[in-house]
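Me: I have a new structure to read and want to learn how. Can we go through it one feature at a time?

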Amino acid sequence: MRNDRLWISGTVAGLVLWALLYSQLVPLSEWMASFLPVAQGSRLHEAVVFFLYDTPKVLLLLLLVTFLMGTVRTFFSPERTRALLSGGREGVGNVAAACLGIVTPFCTCSAVPLFIGFVSAGVPLGVTFSFLISAPMVNEVALGLLFGLVGWRVALIYLGFGLSLAVLAGIVIGRLHLEGWLEDWVRNLRTTGGEVPTLKPSPADRIRAGLDSARDIVGKVWPWMIAGIGAGALIHGYAPRELLANLMGNGSWFSVPAVVLLGIPMYSNAAGIIPVVEALLGKGAALGTVLAFMMSVTALSLPEAIILRKVLTLRLTLVFFGVVAGGILAVGFLFNAFLN
Amino acid sequence: MKIQILGTGCPKCNALAQATETAVRELGLDCQMEKVTDMQEIVSFGVMSTPALVVDGKVKCSGRIPGSDEMKELLK
């Protein structure tokens, strides 16, 4: 118990320190930029200031988001989520699955056992897909960085569209009744029902899990983050506004499918993508195009498709990919057409 | 005693294998250790997230890597 109190007060102190640092980002970056041997107002200066401001900001946001999410996820487990979803009806079940997809611990290498665990426990196929679409797409790093770099409106729009897409795509796949398109060994499988012992973590355990998650994720993505901020800085300083507005602006219909294709090989590098998105939006890229790009980066991933191919027949893998890609295109087009 | 590490070979699975080996050495246990990488075999244990630790056919934990104290408790 004493241990818990120590961890909790340490966390509070850490959060206060975080808030102090975060509130001082502008003066800090200005101070650092004042040492630059570069003429103020030049393109290079613009780019370097963007980099100096965004790097500590993205790093701080990333640390906070991954810590909080790591802690929140100790309250959920795949077993618990499965229990909540099994026997769920179409519609309500899809909505619940999409929401639980955000908070349930999930990594792509566990996609197959999770899929089988869900389906064999009677979670409908469409509901399972809602979960599998939402889990990678509505990811906390993307949301947290959008919130901090681009603004809460865009973050909320991303969350709303991401959840809707996961729900709708799941319902569509469920309606198609494709259970027969699972690989044979999956349909014939008898599992033992998964008696995984669950122990209740103490508050200290939860905080430690948050710290572990922050260290894991930040340790893995920081090169992408720096590369992304560098690319964002170059766009911010050098890319001509007219060119980008023409290429990615509202008027060019082809930009939506183009960015969806572009996003497929860029798997799970939200930390690197959002600074680029920030710079693109600043140069007049259309919001729908940018949303489609982010969704494609996070939700359409080749490694996940290859892993899922072990349980889904090729036809079902293609349907899954097609439905999600179609939904992302629709989000991009609709948004550009009606909401810009 | 038979210890099985379930996982397809991602970095986390290797980390669990290492943590287990360390605990086994420190406890001086006499056991055989096996890595289970075949997906059909993994799911037959009923786990939903990898890596998982199985001792004598029983799933002890899944989806995370226990700390060294907890690990020793699980292996006893």
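Reply: Start with contact: it means heavy atoms within 4.5 Å. Keep in mind that this is a predicted model.

Me: Which residues of α14(A) meet which residues of α15(A)?

Reply: From α14(A) come A:Ile273, A:Ile274, A:Val277 and A:Leu281. Facing them in α15(A) are A:Leu287, A:Val290, A:Phe293, A:Met294 and A:Val297. Sorted by class, the residues of this contact are nine nonpolar, no polar and no charged.

Me: How do I read the direction of α14(A) and α15(A)?

Reply: Look at the angle between the helix axes. An angle over 145 degrees counts as roughly antiparallel. Helix α14 (residues 270-282) and helix α15 (residues 287-299) of chain A pack at about 170°. They are therefore roughly antiparallel to each other. Their axes are 11 Å apart.

Me: What are the angle and the axis separation for α5 and α7 of chain A?

Reply: Helix α5 (residues 92-103) and helix α7 (residues 125-137) pack at about 30°, with axes 7 Å apart. Angles under 35 degrees count as roughly parallel, so α5(A) and α7(A) are roughly parallel. Their crossing is right-handed.

Me: Which classes of residue make up the contact of α5(A) with α7(A)?

Reply: There are seven nonpolar, six polar and no charged residues. The α5(A) side includes A:Gly93, A:Ala97 and A:Gly101. The α7(A) side includes A:Gly126, A:Ser130 and A:Ser134.

Me: How are α1(A) and α11(A) placed relative to each other?

Reply: Read the angle again. Helix α1 (residues 2-23) and helix α11 (residues 203-238) of chain A pack at about 40°, and their axes are 8 Å apart. These two helices are therefore oblique to each other. The crossing of α1(A) and α11(A) is left-handed. By class, their contact holds six nonpolar, one polar and two charged residues. Among those that meet are A:Asp4 and A:Trp7 in α1(A), and A:Ile207 and A:Arg208 in α11(A).

Me: Which residue joins A:Arg208 in a salt bridge?

Reply: The partner is A:Asp205, and the N to O distance is 2.9 Å. Both residues lie in helix α11 of chain A, three residues apart, about one turn of the helix. Over all chains, the count is eight salt bridges.

Me: How many salt bridges cross the interface of chain B and chain A?

Reply: The rule finds zero there.

Me: What is the area buried between chain B and chain A?

Reply: The size of an interface is often given as the accessible area lost when the parts come together. Here the buried area is about 1,600 Å², and carbon and sulfur atoms give 66% of that. In chain B, the residues that lose the most area to chain A are B:Met39, B:Val43 and B:Met48. Together they account for 42% of what that side buries. In residue terms, 18 residues of chain B are in contact with 21 residues of chain A.

Me: What should I look for in the backbone?

Reply: Most residues other than glycine have a negative phi, and most peptide bonds are trans. Look for departures from that.

Me: Is the peptide bond from B:Thr50 to B:Pro51 cis or trans?

Reply: That bond is cis, with omega near -5°. B:Pro51 sits in the loop between α2 (39-44) and β3 (52-55) of chain B.

Me: Is phi of A:His177 positive or negative?

Reply: Phi is positive, near 50°. A:His177 belongs to the loop between α9 (152-175) and α10 (184-187) of chain A.

Key. Residues numbered from 1 in each chain as written. Chains lettered and ligands numbered in written order. Predicted model: local features only at pLDDT ≥ 70, side-chain atom pairs only at ≥ 80, totals over all residues. Heavy atoms only, no water. Axes fitted to C-alpha atoms, helices over the stretch in contact; angles between N-to-C directions. Helix = DSSP H or I, 4+ residues; strand = E, 2+ residues; numbered from the N terminus. Parallel < 35°, antiparallel > 145°, perpendicular 65-115°, else oblique. Left-handed = near helix turned anticlockwise from the far one by under 90°. Nonpolar A, V, L, I, M, F, W, Y, C, P; charged D, E, K, R; others polar. Buried area = accessible area lost by both parts, 1.4 Å probe. Salt bridge = Lys/Arg side-chain N within 4 Å of Asp/Glu carboxyl O.
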